Amino acid sequence: DALELGFALYAANPRLDVPGPLDRETALHAPESILPIVAADRPHRETEVLRLTLEAGWQQADTALRAALGLQQTRDDFRQLRANGTSASDSDDLHLLLEARHHIAAHEVRGGFAIAAGNRHLTRRANINGSDGPVFADLRLYANHLTFWCEDSIRLHDTLTLQGGLSASCYERRARPATGAPPATPSGSVDAALLAPRIQLTWTPTRALALFAGWSRAFEPPTFDDLLPRTGRPPNLGLAFNPLEAQRASTTEIGIRGGTETLRYEVTFYHAHWRDELLRLADATGTPLGTRNAGPTTHRGIESALRWRLLQAHQTLDLILTHTWSEATFDADPVFGDNHLAGLPRHAGSAELQFADRQGPFAALAAAWIGGTTWADHANRLGYDGHLIINARCGWRDPRGWTLYAEVTNLFDEAYIASTAGVLDIARNPAATTIFLPGSPRRWQVGLEWRW
């Protein structure tokens, strides 16, 4: 009775015709347009993913153990714009996690470690009018990540809890030419060992109210796309190795949460100082220019969520609201001063009304929005406005584990800009800058699920 085992098998084969990039006005008013250069290059992506996950949990008295093992194989073929060529890769990845939790008097101690390791064979070719050209890079890529952590939660008083923890991580990213690779294929490696402490104090004066304050430090290592920027002009392309530092952030947050069975809420204020933030840049056609470590930057914001049960009976009706206001700026940068970082919207939120009946029918109507100006360049010369899209879902759940559903996204077929194909340093000619990717039009999906 104390042991629980589980497994999951996931397989997918998405095939995507890549839209855009377009200039801002075309992306909004003629999103199905295709620029001549894009039509000639025919951007297209096909991916095959197979993942197996095994998990075991054991719990008895005050002790709990959990172990998980994940294995994944991926094949990815991506025909990009001519300026970036094509890429074909095969990768194998392994993830292992072990953790333990134990209650000792007023303490709840948790600790464990996680290992992630992978290798990838990457071949890059020139894109010659939508067909594979000569190979300009043939690489073997290796990534390893090891993390240990320990956390403790102690009840200082009936209403006061202190939580703290420390994780120690080591990572490595290594690239070397494959056998028979072109002479110009680059090689290099980056690695680091970093500590990430965190602490949080929570005061719970009543069952319906909790106030908390905390501080934490986190980091994120660069990816291989960051480390291996494309060089040269078509068809004479190449790759270079670009050593980068991991981006790091120290975050202070305070907040309030609580509620009743009918109404639950949470509001969090955060302020973070970033060092060596990874800025992924593109030129005016969306072609990647590589990644750079920024100088000091500051991120701040407010995250809020509310769940209100309007009807509690044989049938339920819930209203769920979320909203995030965020701001990210340079700190007296020599070039951009205190400008806003490109690619980050000011406001993002959602509202969803969910209905469910114990006998089977369910339905949901949701609105998702982006508000304010999202800048496309760090000089803040070119940006795009937010949008509001409506989604709907309905279906029937059978007690024997069957679920039949139908859903539509972007119900009113709203034209909007989903994102940019990278961000710019400076938009030299805003009206002619072609980096905008149009949002998805109305889409329908019908599905059948079975759980046993």
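View 1. Strand 1 (3-12), strand 3 (44-60) and strand 4 (63-79) each put in at least two residues, with strand 3 giving the largest share, 3 residues. Strands here are DSSP runs (E, at least two residues), as are helices (H or I, at least four), numbered from the N terminus.

This is a predicted model, so local features need pLDDT of at least 70 and side-chain atom pairs pLDDT 80 or more, while totals for chains, interfaces and linings use all residues. Residues are numbered from 1 along each chain as its sequence is written, and side-chain values use heavy atoms, leaving out hydrogens and water.

**View 2. Inside the largest nonpolar core.** This core has 19 residues, and Leu139, Leu141, Tyr171, Leu227, Leu228 and Phe241 have the most contacts inside it. Strand 7 (131-157) gives the most, with 4 residues. A core joins buried Ala, Val, Leu, Ile, Met, Phe, Trp, Tyr and Cys residues through side-chain atoms within 4.5 Å. Zoom in on Leu139 and you'll find contacts (heavy atoms within 4.5 Å) with residues including Arg120, Pro177, Leu228 and Leu239.

**View 3. Arg280 meets Asp226.** These two form a salt bridge, with the closest N and O atoms 2.8 Å apart. The pair ties together distant parts of the chain: Arg280 sits in strand 15 (residues 278-282) and Asp226 in helix 3, 54 residues apart. A salt bridge puts a side-chain nitrogen of Lys or Arg within 4 Å of a carboxyl oxygen of Asp or Glu. Asp226 is buried, at 1% relative accessible area, whereas Arg280 is partly exposed at 40%. Buried means under 20%, exposed over 50%, and partly exposed in between (1.4 Å probe, protein chains only).

**View 4. A salt-bridge network.** Glu55, Arg66, Glu99, Arg110, Glu151 and Arg198 are all linked up here. The structure holds 20 salt bridges.

**View 5. Trp452 out in the open.** Trp452 belongs to the segment after strand 27 (443-450). With 82% relative accessibility, Trp452 counts as exposed. Its C-alpha atom is 8.1 Å from that of Arg400, 52 residues away along the chain.

Terms used:
Lists of a residue's contacts leave out its neighbours within four places in sequence.
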